[in-house]
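Reader: I want to learn how to read the ligand shells and the helix packing in a model. Can you take me through them?

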Amino acid sequence: TAQISPTVVDAVVIGAGFGGIYAVHKLHNEQGLTVVGFDKADGPGGTWYWNRYPGALSDTESHLYRFSFDRDLLQDGTWKTTYITQPEILEYLESVVDRFDLRRHFRFGTEVTSAIYLEDENLWEVSTDKGEVYRAKYVVNAVGLLSAINFPDLPGLDTFEGETIHTAAWPEGKNLAGKRVGVIGTGSTGQQVITALAPEVEHLTVFVRTPQYSVPVGNRPVTKEQIDAIKADYDGIWDSVKKSAVAFGFEESTLPAMSVSEEERNRIFQEAWDHGGGFRFMFGTFGDIATDEAANEAAASFIRSKIAEIIEDPETARKLMPTGLYAKRPLCDNGYYEVYNRPNVEAVAIKENPIREVTAKGVVTEDGVLHELDVLVFATGFDAVDGNYRRIEIRGRNGLHINDHWDGQPTSYLGVTTANFPNWFMVLGPNGPFTNLPPSIETQVEWISDTVAYAERNEIRAIEPTPEAEEEWTQTCTDIANATLFTRGDSWIFGANVPGKKPSVLFYLGGLGNYRNVLAGVVADSYRGFELKSAVPVTA
Ligand code: FAD
Ligand code: NA7
């Protein structure tokens with residue numbers, strides 16, 4: 001790279017999802033900084049650019065799965081159903097990019113391969129797979145928390161003569177009508193794609209490893225009157241969302257599940273089941289489902305009884321029946337369990353009957369059966385949170401590699417910064433909030449851009465957290481996580497889903513309202529926990 005003369009800008013933004021789009025808007029349109037944004041994708045949208053699989057739907061309600069920062073944007077928005085589909089979200093994000101004239105700042109189809117801090121110049125040198133080199137004082141990483149694909153290697157996979165597709169790399173418009181399709185994975189994505197594919201394909205074989213608890217999503221058409229009522233009250237709605245814990249827009253319950261009679265408890269569960277929504281079922285019914293074992297079991301057993309009612313064949317129901325704690329990201333679906341009553345859908349329980357190998361014609365299980373397939377779909381999720389960081393060569397002070405810095409576990413101070421990586425910010429980095437994400441993304445991007453503005457105003461050369469502040473934040477997040485049952489439900493929330501990945505606490509489970517207070521408190525307390533290096537000599 002020595003021969004290439006780098007382009008110098010004030011800030012580099014990596015990613016063009018909700019986070020990157022808003023970061024470029026804040027830094028350029030509001031602060032007048034020169035900014036270049038990158039995305040591997042050929043257009044904006046992030047998650048919603050990549051996840052084009054049939055059935056892809058947000059499980060945040062439509063009116064809250066969007067930006068809140070601009071009143072006119074909110075008033076101009078519209079939606080057809082209570083939940084918003086992938087094509088609609090993609091269209092929305094593209095329209096935001098055009099509305100704020102952001103497209104010209106992005107280089108699409110361009111992967112950032114390295115970001116190296118040059119101590120003497122106090123600049124980050126950012127290189128891309130196109131051979132370009134940029135230098136910038138600030139780097140904002142908006143690389144996505146559910147973005148680096150988890151693609152398990154099955155024995156014999158390379159001999160398969162059919163097609164393999166990961167849901168997060170679904171080719172645009174790819175239709176599987178009339179095909180014999182296998183799906184591996186029954187998380188949120190698996191449930192959506194299985195439900196959508198079942199009526200279209202000739203035969204669907206679902207390879208089920210760990211069945212999960214799910215409740216109906218309850219997606220319904222909305223009227224103009226309903227939308228107008230929301231718009232009339234948008235300020236109040238966002239205000240209460242940003243003060244809440246999970247930011248999904250419903251009233252979070254504080255009622256202990258065991259404080260009411262069994263009959264009353266089941267009435268409350270039934271009401272939530274009929275209304276729909278995964279987070280609503282877990283956090284809107286009672287206040288202690290995620291923390292108290294008896295409460296958790298009450299919710300789990302209610303859902304199990306529903307599954308037993310819905311799935312007609314008892315043997316199939318057994319294969320789909322979750323056991324143990326209800327303590328992962330709460331799922332909701334659009335008729336998922338019902339799908340197994342179709343004659344063309346078959347469940348294979350791969351814990352009791354593991355996949356032996358993939359052959360030219362399909363998947364062979366331990367019982368010797370060949371499941372013949374034209375297409376094998378991987379709904380196997382993501383190397384969540386730190387996955388995309390580890391795929392870039394990132395070096396901070398003294399050449400410290402991010403993978404060495406995060407050798408034990410990925411850490412941060414406040415989810416947005418990490419020690420030894422000056423002027424380097426993260427959107428949804430390790431130990432950020434676990435919520436409906438757009439309001440958390442906005443919170444972080446606003447904090448980052450306010451901090452950049454503060455540094456520019458005060459001629460701060462470099463800002464980074466102290467290792468002590470970072471350790472304290474990790475401890476805070478660990479203590480909060482340990483007070484919940486979530487630490488016991490192996491999933492991507494704790495990095496427990498990818499072979500070889502060391503499980504650890506990856507989220508601040510203290511809620512968005514508290515998180516916002518912490519961020520504001522740190523700033524009010526003269527950037528408590530940060531080291532600010534002045535560009536000008538400090539006079540006595
Ligand atoms: P992303 O949208 O993931 O964007 C990151 C971008 O960075 C990607 O486009 C990627 O290509 C790019 N990138 C990464 N590394 C590089 C690199 N080295 N060089 C160049 N580009 C790079 N959240 C909710 O709150 N509610 C939901 O209902 C919900 N549903 C979801 C459903 C699915 C199927 C998935 C996968 C996620 C869902 N999420 C949901 C989470 C969702 O990811 C966030 O809500 C949000 O879209 C994240 O935005 P982001 O900008 O932080 O990251
Ligand atoms: P998830 O929730 O991580 O689900 C992945 C699924 O794939 C899950 O059922 C896994 O089973 C299964 N899986 C993963 N690897 C394998 C292998 N090797 N063999 C068989 N089965 C496997 O990812 P999603 O995409 O569904 O959802 C992630 C988030 O994105 C979601 O919460 C939304 O926020 C959007 P396991 O449970 O590990 O036994």
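This is a predicted model: local features need pLDDT of at least 70, side-chain atom pairs count only at pLDDT 80 or more; totals for chains, interfaces and linings use all residues.

Reader: Which residues come nearest to ligand 1?

Author: A residue is near a molecule if one of its heavy atoms lies within 4 Å of it. Around ligand 1 there are 36 residues, and D39, T47, D59, Y65 and L437 come nearest. By class, the shell holds 18 nonpolar, 13 polar and five charged residues. Here Ala, Val, Leu, Ile, Met, Phe, Trp, Tyr, Cys and Pro count as nonpolar, Asp, Glu, Lys and Arg as charged, and the others, Gly among them, as polar.

Reader: What lies 2.8 Å from an oxygen atom of ligand 1?

Author: Look for polar contacts, pairs of N or O atoms within 3.5 Å. A backbone N or O atom of G19 sits 2.8 Å from a ligand 1 oxygen. For K40, a backbone N or O atom is 3.1 Å from a nitrogen atom of ligand 1. The side chain of W48 places an N or O atom 3.4 Å from an oxygen of ligand 1. Alone, ligand 1 exposes 980 Å², and the protein buries 97% of that. Such areas come from the Shrake-Rupley method with a 1.4 Å probe.

Reader: How many residues surround ligand 2?

Author: The count is 18, with T186, T189, R209, T210 and R329 the closest. They divide into seven nonpolar, nine polar and two charged. R209 has a polar side-chain atom 2.8 Å from an oxygen atom of ligand 2. For W492, the side-chain distance to a ligand 2 oxygen is 3.3 Å. S188 uses a polar backbone atom, 3.1 Å from an oxygen of ligand 2.

Reader: At what angle do helix 14 and helix 16 pack?

Author: Axes are lines fitted to C-alpha atoms over the stretch in contact, and angles run from 0 to 180 degrees between N-to-C directions. Helix 14 (residues 437–457) and helix 16 (residues 512–524) pack at about 5°, axes 11 Å apart. They are therefore roughly parallel, a label for angles under 35 degrees. Contact means heavy atoms within 4.5 Å. Helix 14 gives P439, S440, T443, Q444 and W447, and helix 16 gives L512, Y515, R516, L519 and V523.

Reader: How do helix 7 and helix 16 cross?

Author: The axes of helix 7 (residues 234–243) and helix 16 come within 5 Å and cross at roughly 80°. That makes helix 7 roughly perpendicular to helix 16, the label for 65 to 115 degrees. V241, K242 and K243 of helix 7 meet L512, G513 and R516 of helix 16.

Note on methods
Residues are numbered from 1 along each chain as its sequence is written. Chains are lettered from A and ligands numbered from 1 in the order in which they are written. Side-chain values use heavy atoms; hydrogens and water are left out. Helices (H or I, at least four residues) and strands (E, at least two) are DSSP runs, numbered from the N terminus. Angles under 35 degrees count as roughly parallel, over 145 as roughly antiparallel, 65 to 115 as roughly perpendicular and the rest as oblique. A polar contact is a pair of N or O atoms within 3.5 Å; within protein, one must be able to donate a hydrogen and the other to accept it, and residues adjacent in sequence count only if both atoms are side-chain atoms.
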